[in-house]
Structures are given as structure tokens and as C-alpha cells.
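User: Could you walk me through this protein, starting with how far the model can be trusted?
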Amino acid sequence: MRSCLVHPCSPPFLARIGLLVIVTVLLSGWTCNGLFLFTGCQSSVPLPQISSLSPNVIASGAGSTVLVVTGSAFVPQSQILWNGTALQTTFLDSQHLSTTITQQTLDSLGSFPGGSVQISVRSVPTNAVLGCPNGGNSATLVLIIN
């Protein structure tokens, strides 16, 4: 008698695996004793999406500016990226993150008047769940430096 082991994973993925197991069992004569556990994707980190920056233009030499990134699927560990470099980020809610841009930020990250910066959001994966989203980087939006 043969047996098989089924790992917990998301329902859509599990349905595909379940169909494969049923066909395999029927064709091979296996006896499959397993526990199907539907854990869903509650512990996974969604892929962040960004839709706008406020403001989308900042003045060089203007002191400090609070940049708010609006989007969706943000988590407390999400980070605002400035040309790929993580900035100190404040999680406001699942749709808003903020950071303070200072002249030191502009100087240290090589930004200059008349230039632009690519802003994106990264959510670092924590516990990978097979068949579920696992964080990553959003698309980018352009922040203009005057």
C-alpha cells in the first residue's frame, strides 16, 4: 500500500494538486490518506501597489517635506524606496505610507534641481505560503525635484 503527503497551501493551488492526486490515485491504485488543511493566505505579504505621491513635486532647499505615498496592500513593514534605496518610512494604514524628505536626503541620494526620482514601495516577505503572494516591489512613480 502506498501513501502520500499533502502540504497546506492556498485553496486554488490545493484544488489543482487535489485533482492531480485524485487522477494519480485512480490510475495507480494508490491509497492516499492525507489531511487537507486550508490555511489561506492570511500570513502572506501582499504585493504593494502605488497610485499617487503627495506632493509629486518638491523644491530643493525648501527644508523638509513630508511625502505621502498612496496605494494599496501596504503592511507595517513596507518601505518607501527612493531610486531603490529604502527611506525611513512611517506606516499610516494599508493605503498610506509617509517619509520626510530633507535637504540631507537630496544631498545623500544624489538628487538635484531639475531632476527626478523613482519612488516605489517594497514589502519584505515574512512567511512564504505556497501559492500565495509573497511581498515584493511595486511599480514606480516619478517625483520631480525643482
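**Confidence, sheet and core**

Analyst: This is a predicted model, and among the elements of the protein, strand β6 (residues 90-93) has the highest mean pLDDT, 97, whereas helix α1 (residues 11-28) has the lowest, 50. Over residues 1-11 the pLDDT is below 50, although this stretch has 25 contacts in the model beyond near neighbours in sequence. The pLDDT is also below 50 over residues 14-20, a stretch with six contacts in the model beyond near neighbours in sequence.

User: And what is the mean pLDDT of the protein?

Analyst: The mean pLDDT is 78, and 68% of the residues reach 70 or more.

User: OK, on to the strands: what is the order in the open sheet of four?

Analyst: The order is β1-β3-β7-β6, and the pairing is antiparallel. On average, neighbouring strands of this sheet are turned by 30° against each other, if direction is ignored.

User: Which strands stand at the edges, and why is one side of each left without a neighbour?

Analyst: Those are β1 and β6, and because each has a single partner strand, one side of each has no neighbour in the sheet.

User: What holds strands of a sheet together in general?

Analyst: Strands of a sheet pair through backbone hydrogen bonds, and the pairing can be parallel or antiparallel.

User: Can you go through the pairs here, one by one?

Analyst: Starting from β1, this strand pairs with β3 in the antiparallel sense over five bridges, and Ile50 stands opposite Gly71 in β3. Strand β3 (residues 65-72) also pairs with β7, again in the antiparallel sense, over six bridges, and there Leu67 has Thr99 in β7 as its bridge partner. Finally, β6 and strand β7 (residues 96-101) pair in the antiparallel sense over three bridges.

User: How many residues lie between β6 and β7?

Analyst: There are two residues between them, and the two strands form a hairpin. Within this part of the model, Phe91 stands opposite Leu97 in β7, while the bridge partner of Thr90 in β7 is Ser98.

User: Switching topic, which residues touch the most other members in the largest nonpolar core?

Analyst: That core has 17 residues, and the ones that touch the most other members are Val69, Trp82, Ile119 and Leu143. At least two residues of this core come from each of β1 (49-54), β3, β4 (79-82), β7, β8 and β10 (141-145). The largest share, three residues, is supplied by β8.

User: What does Trp82 touch?

Analyst: Leaving out residues up to four places away in sequence, Trp82 touches a list of residues that includes Ile58, Leu87, Ile101, Leu106, Leu109, Ile119, Leu143 and Ile145. Ser111 and Gln118 are also among them.

User: What about Ser120, is that buried or exposed?

Analyst: Ser120 has its place in strand β8 (residues 116-123), and Ser120 counts as buried because its relative accessible area is 7%, where buried means under 20%. Leaving aside neighbours within four places in sequence, Ser120 is in contact with residues including Ile50, Gln79, Ile80 and Leu81, and also Ser138, Ala139 and Thr140.

User: And where is Ser78 found?

Analyst: Ser78 is in the loop between β3 and β4, and with a relative accessibility of 3% Ser78 is buried. Its side chain makes a polar contact with the side chain of Ser123, at 2.7 Å. Not counting residues up to four places away in sequence, Ser78 touches Thr89, Leu97, Val121, Arg122 and Ser123.

Definitions and conventions
Residues numbered from 1 in each chain as written. Predicted model: local features only at pLDDT ≥ 70, side-chain atom pairs only at ≥ 80, totals over all residues. Heavy atoms only, no water. pLDDT = per-residue confidence, 0-100. Contact = heavy atoms within 4.5 Å. Pairing = 2+ DSSP bridges. Buried < 20%, exposed > 50% of the residue type's maximum accessible area, 1.4 Å probe, protein only. Core = buried A, V, L, I, M, F, W, Y, C linked by side-chain atoms within 4.5 Å. Polar contact = N/O pair within 3.5 Å; in protein donor to acceptor, adjacent residues only side chain to side chain. Axes fitted to C-alpha atoms, helices over the stretch in contact; angles between N-to-C directions.
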